[in-house]
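The points are grouped by topic.

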Amino acid sequence: MFSLRIVPGGQCLPVGPDQTLLQAALAAGVAMRSSCRNGTCRTCLCVLVEGRIHYRIEWPGLLAEEKRAGLVLPCVAYPDSDVVIRLGG
């Protein structure tokens with residue numbers, strides 16, 4: 001089990017290794033923007049401030065430059081460590 005902290009706001013909640021960041025947030029009652037939940041619409045786009053994530057799909061809807069800039073899609077991102085994300089990419 002890892003922790004997910006969402007800024008601004010500072011909510012800190014548990015996230016399992018088989019749970020997306022979005023699933024964990026919604027399960028804890030944290031409102032996050034989302035639509036497709038498969039990595040294509042980019043509605044949930046956030047900045048990874050700290051931690052490591054991985055995607056289970058080859059193309060999660062981000063350009064290589066966006067990945068390098070720290071942008072992530074919580075709807076398809078799984079934690080590999082404790083994670084801090086900033087809402088609104």
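Cys75 is buried, with a relative accessibility of 8%. The model is predicted. The points below cover its cysteines, its sheet and one proline.

**Cysteines**
- The count of disulfides is zero.
- Cys41 takes part in no disulfide, and the nearest cysteine sulfur, that of Cys36, lies 3.5 Å away; a disulfide would need the two sulfur atoms within 2.5 Å.
- Cys75 is likewise in no disulfide, its nearest cysteine sulfur being that of Cys44 at 3.7 Å.
- Cys41 is partly exposed, at 34% relative accessible area, whereas Cys75 counts as buried.

**Sheet**
- An open sheet of five strands runs in the order β2-β1-β7-β3-β5, with mixed pairing.
- The edges are held by β2 (11–15) and β5 (71–72); each has a single partner strand, so one side of each has no neighbour in the sheet.
- β5 pairs with β3 (residues 46–50) in the antiparallel sense, over two bridges.
- Val47 has Leu71 of β5 as its bridge partner.

**Pro60**
- Pro60 sits in the loop that lies between β4 (53–55) and α2 (64–68).
- Its relative accessibility is 1%, so Pro60 counts as buried.
- Apart from neighbours within four places in sequence, Pro60 is in contact with Gly39, Tyr55, Lys67, Leu73 and Val76.
- Thr40 is 20 residues from Pro60 in sequence, and the C-alpha to C-alpha distance between Thr40 and Pro60 is 6.7 Å.

Key. Residues are numbered from 1 along each chain as its sequence is written. This is a predicted model: local features need pLDDT of at least 70, side-chain atom pairs count only at pLDDT 80 or more; totals for chains, interfaces and linings use all residues. Side-chain values use heavy atoms; hydrogens and water are left out. Two strands pair if DSSP finds at least two bridges between them. Helices (H or I, at least four residues) and strands (E, at least two) are DSSP runs, numbered from the N terminus. Buried means under 20% relative accessible area, exposed over 50%, partly exposed in between (1.4 Å probe, protein chains only). Contact means heavy atoms within 4.5 Å.
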